[in-house]
Amino acid sequence: MTPELSLPIQTAWLIPLYGFIGMLVSLPWACGWFRRDAHRPAAYLNILLTLLAFAHGSLILQEVYQSGPVDLAFPWLSVADLELNISFSLSLTNLVALELITGLSLLSQVYSLGYMDKEWALARFFALLGFFEGAMSGVVLSDSLFQSYFLLEMLTLSTYLLVGFWYAQPLVVTAARDAFLTKRVGDVLLLMGVVALCSYSGVMGFNDLYAWAAQDTLSPLAATLLGLGLVAGPTGKCAQFPMHLWLDEAMEGPNPASILRNSVVVTCGAIVLLKVMPILQLSPIAIGVMLVIGSISAIGGSLVALAQVDIKRTLSYSTTAHMGLVFIAIALQIPVLALLLLFTHAVSKALLSMSIGGVIASTNCQDITELGGLGSRMPATTTAFLVGGAGLVGFLPLGGFLALAQSIELLSVRSVPFMAVFLLTNALTAMGLVRVFRHVFMGDSLIKSRRAAEVNWQMAFPMVALTVIVLITPLLLVRLESLDGLLAFPLWAAALVVGSGLLGLLAGAVLPLSKAWSRSLNPVLRWWQDLLAYDFYTERFYRLTIVNVVAGFSRLASWFDRNVVDGLLNGVARFSLASADSLKLSVSGQSQSYVLTVLLAIVLFLTAVSWFLT
Amino acid sequence: MLLSLLLLIPFLGALALILWPGSPSSARLRDVSIVLLVVQCLASFALLLPFDAADAGLQLVEQARWVHAIGLDYALALDGLSLPLVLMNGVLCLVAAIASRTIENRPRVYFALLLVISGAVNGAFLAQNLLLFFLFYELELIPLWMLIAVWGGANRAYAATKFLIVTAVSGVLILGAFLGIAFVTGTMDFSLRPILAGELGMTPQLVLMGALLIGFGIKIPLFPFHTWLPDAHTEASTPVSVLLAGVLLKLGTYGLLRFCLGLFPDAWQVAAPWLAGWAAISVLYGSLAAIAQTDMKRMVAYSSVGHMGYVLLAAAAATPLGLMGALFQMVSHGLISGVLFLVVGVVYAQTGTRDLNVLRGLLNPQRGLPLTGSLMIIGVMASAGIPGMAGFISEFLIFRGSLQPFPLATLLSMVGSGLTAVYFLLLVNRAFFGRLAIAPGEVVNPRILNRVALREQAPAIALSLVVLVLGLAPELLSNLSEAATTGLSLITGDLS
């Protein structure tokens, strides 16, 4: 660390703290210590702190953009042979991700003011958002695997609390539970990987780990297990198959948190995966698993999204699908591509989530078959959906198009089959979005959407702002030097992307939507529809397998405890009582016999002791 | 003199309470014992001033001849292993006294017994003579038995008797082993050097160590010697549960480190792979059994079985890092289970039940227990090893310190750590989420629960804060004890 670092960089450690401080300052309101006023001051303080984090990040970004990346490290814990640091890597990529997180957090907090207008626990909500934001900011800036793990787990906790925000509703209870436990499974596997890495390499900083991995001293088996452990954590965080269930259930939580979850939380998981990528190279099997997971999630997720009737679930499955593409990009060692996909996905998906949040807020309905004709009633919301959708799929000049065209070009030289996965996912996503659009915004007004009006300004403002951001995303991307090859893709790649998007658009446009059709009478079609609507029956599969096994073992342990272990103890007690009862009959009252017994016992004891001790 | 003060304050205090003239009210007695325990707690923290953390040896030694003929001498000393435990004893005994709000039945005896326990535990952690340790170890037994048997729940007689008998067996085994050691070495002084291979064959070493292992294993408790613990916890009142989980179980793990590992390093090394396996079984068994529990206190009790298994795992590995993790786990488990038992106690006092089949929606802001629920979430998350709290640090240190010697046992124990999240999440989800209900079918109009005053929650809040502080700044604790745990470890060379 050089002494001439500027003040913003020297104080970079503050950035994750802004969010945590926001949580702390909200506590007095959240605990109800100020009874008379509403919770607004807590909300404003949090927004202010997020603004500060964003501004601070911008200053650092500017400086790093001009004079190169900086690393900061502070010693934290040193015991025996273990050295743990708090370390930040202020690189361009990390800072862009940070700005994405704080920026989207800022927008969705303003959005929350409108969406959560009448919420009684507004301060608690903002406290949790602050916690959420702090953990995410720390994850993207982290320069050590330990720190990343530390903050990812905090993210698990805050996801649990945010999903469980409306804890009195039965669906929320199961959603929060599943969100926590699914992520926790991934986290425990990741912890195994982290502990193993720490034991074998003795270091935790990413750069030290890369150096260690380059020496390649592990056996193939150890490397594979290690790789799988490291992949498992992000698989849970990014809602990838088979740990994807939580994201769609998590939609029971408040929408502003869903905006963040669908866009930047999954990004955090992917960024951690990106950071461990050089270590994963040790294990071809782990790479293969990532490719399989990514492909299944991409195609499966976009298929399942087609069959959902809950407007939020259509989006969450498409998030799973896009993260699948990111997994493929990371597995194929194309970090630029992964980042490009992550960035364009995050802004577009956040905008889509805001838009459907507007729909939900003004109709109080999430079922797309009961909505219709909102296009003319909610112009800003409709525009947001259109722009968000266009930014996500390969629509000509927007971010999604650039990312996908770039992917096709890069994949064509590495692995042609995955080109098909990308194009198929793009087509299916386009089809799904068109389906939702037709259901919700086109057609006749149905009963539930007849009285809908445009959202209030607190929601409209961030929505419009983000619409503009999605529109200028291509310009932002071109300005970042590291991505200057952005426009260097051949025409055929562009044609393929646009073509697949158009195909999806057409398919979605001609898809019959009659309401009677929402569950088909044709048995074959219905079977497919149910398969997708119930997410390939994954939940039922889990209930029959893992949940049953754990529950069975726990019942067995409990039974064993009551009857065998405790039963044995009680049996010994009863036996000694019974033998005492019968022994009392042998008491003769003659002192000689007592002395004899005592002597015999002593002799026996001493013999035993001396036999052992010699 | 400072160390003797830690014994004199509680013992003389107990005597004073017994001899207190007239018939003082329960509140008055509680105030007096709180003052005494505050003084004792301050005296414990005063130890930090003369204590030299860089010194791995015994410090502040105090010696006097006592019943020298049978080898019983008065010898106290402090090192990095006992200091954190003495501090924790000071804090938790104070918390227990503060939490004893509603003692109407013979309060004089109750508070006197509380003080005796606190002094005896201090004595056991500080004793430097095998017989003296044993004396204190047994001295704490009787008051605890009475605290359960007199002030316990409905089935207290069964639980108390079981506790007494089982723990007495533990005492007999330990005494037998100590006598065996004295027989071999000719001294009861336990500044004594470890018993080395040349001195005694491996079989007798293993026998002596085995007796100690089972003796302390009952106290810790480890599977299959654990069944007294859930019963004792269920019947004990809240403050007694706090003491039992927080302080008394630690006597077992302390003995494990100090006597089994410390006195028989060679035999320990031979037995270590088996011990690691035993630890993994204990962890998994405790966690699985906890999932099936419907009584909140039993669930927390079984979680103790699992979490104490980590200590055995780390002790088996006996790496410097692992032993630091073991000590960290003792402290964090003491604090976290303190929070959990206090919170469960509030729930029980307010609703009259701890049954997870009937409790629902206690987080309800108007009629439920929102602050209690929030503390419960903090407690269970700390116990499940969420970073930012002390439990995570100890688990990470233990796993990192044990993975290389015993990879399989460590990985299985990590699965146990995942299971902790399962049962505690079920607890929170069942009892605190959902619609408020306290009895079966009572969803429509449950009775309104009393507001719990903030000061009643103060002990749990304070303990939670300590858990957070230790989780964010673990060096506060690790710096105190690093020299001692490194000195105890079997691997003296550097690992890297």
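**Close-ups of a two-chain predicted model**

**View 1. Chain A and its helices.** Chain A has 22 helices and two strands (helices are DSSP runs of H or I with at least four residues, strands are runs of E with at least two, and both are numbered from the N terminus). Its C-alpha trace spans about 110 × 65 × 60 Å along the principal axes. This is a predicted model, so local features need pLDDT of at least 70 and side-chain atom pairs count only at pLDDT 80 or more, while totals for chains, interfaces and linings use all residues. Residues are numbered from 1 along each chain as its sequence is written, and chains are lettered from A in the order in which they are written.

**View 2. The inside of chain A.** Of the 614 residues in chain A, 54% count as buried (20 or more other C-beta atoms within 10 Å of the residue's own, with C-beta atoms placed from the backbone).

**View 3. The domains of chain A.** Here you can look for domain 1 (144–529) and domain 2 (560–613) of chain A, with bounds from an automatic or database domain assignment. Taken over C-alpha atoms, the centres of these two domains are 70 Å apart.

**View 4. Where chain B touches chain A.** On this interface, 47 residues of chain B are in contact with 39 residues of chain A (contact puts C-beta atoms, placed from the backbone, within 7 Å). Helix 16 of chain B gives the largest share of chain B's side, eight residues. Other elements giving two or more residues include helix 7 (156–185) and helix 13 (320–351) of chain B.

Note on methods
Two residues are in contact if their C-beta atoms, placed from the backbone, lie within 7 Å. A residue is buried if 20 or more other C-beta atoms lie within 10 Å of its own, exposed if 12 or fewer, and partly exposed in between; C-beta atoms are placed from the backbone.
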